Amino acid sequence: MALQIADTTLDSRFFIGSSRYPSPQVLQDSIAASGAQVVTVGLKRQLGASDAPNDFFRMIRASGARLLPNTAGCHTAREAITLARMARELFDTHWIKLEVIGDAHTLQPDMFETVEAAGVLAREGFEVFPYCTDDLVACQRLLDAGCRILMPWGAPIGSGQGLLNPSALRTLRARLPDVPLVVDAGIGSPKDAVQAMELGFDAVLLNTAVAQAHDPVTMARAFKLAIEAGRLAYEAGVMARQEMAVPSTQVTGRPFVL
């Protein structure tokens, strides 16, 4: 079940977000229940928050998870690059989740600006985790720019709609067999996480589905188990669907008549 991501080996395939929780304690307990070893933090939001940002970041580090700063809220490559450089100085990490939003309604990433920013950051030694669409050509451009990991969306951020285009995600997996792929955004319930993992994706990143659950801690554990189950199913090989019924017990010859 181990996951090799960049130059790090992880036991968990669950990346969890850190915003919109009802309290810091619930966040802390949810991280523990999730078993996640990577926690994403929106720098632009946290640095402008009224609560003490240093206390917040210390709490994340105390969980034992690796901090993955992100550039959420940026709309240009230049803005995202500046924030990434700040993150490296603040947290002594070269990991950055790159988000450059192109549309305020759908929060769809601007792939032109994302590729531009990814190229600059990769040349500066960052390990770039780009939030991107499920478009194969755009993803290939990110790889050409120096990315070694891709994070295509399942659906718009925070929508809970699940995987809207499984066919595109399946194509990415087939065409990029050696690239770590993490479904990022739109996951609504554990069944969506199972589906992503059964498609062969390497990990799942989500925030709102846990943070906004009635019981975030229990939901975090539910997602942990779903991700593990989905990965095991993928490795075991899910049976092919059949057009017609196929008896589970094969019958040969004529039945006995008593």
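The expected span of a helix is 1.5 Å times one less than its number of residues. Helices (H or I, at least four residues) and strands (E, at least two) are DSSP runs, numbered from the N terminus. The structure described here is a predicted model, in which local features need pLDDT of at least 70, side-chain atom pairs count only at pLDDT 80 or more, and totals for chains, interfaces and linings use all residues. Residues are numbered from 1 along each chain as its sequence is written, and side-chain values use heavy atoms, leaving out hydrogens and water.

With 21 residues (216-236), α10 reaches 30 Å from its first C-alpha to its last, close to the 30 Å expected at 1.5 Å a residue. Its buried residues (under 20% relative accessible area, 1.4 Å probe, protein chains only) are Pro-216, Ala-220, Phe-223, Ala-226, Ile-227, Gly-230 and Arg-231. Seen down the axis of α10, these residues fall within an arc of 130°, so they line one face of the helix; the arc is that of the directions from the helix axis to the C-beta atoms. Just after α10, Gly-237 takes a positive phi of about 95°.

Backbone angles also draw attention to two alanines. Most residues other than glycine have a negative phi. Ala-6, however, has a positive phi of about 55°; this residue lies in the loop between β1 (3-5) and β2 (8-10) and is buried, with a relative accessible area of 16%. Ala-185 has a positive phi of about 95°. Found in the loop between β9 (182-184) and α8 (190-198), Ala-185 is buried, with a relative accessible area of 9%.

Key: Buried means under 20% relative accessible area, exposed over 50%, partly exposed in between (1.4 Å probe, protein chains only).
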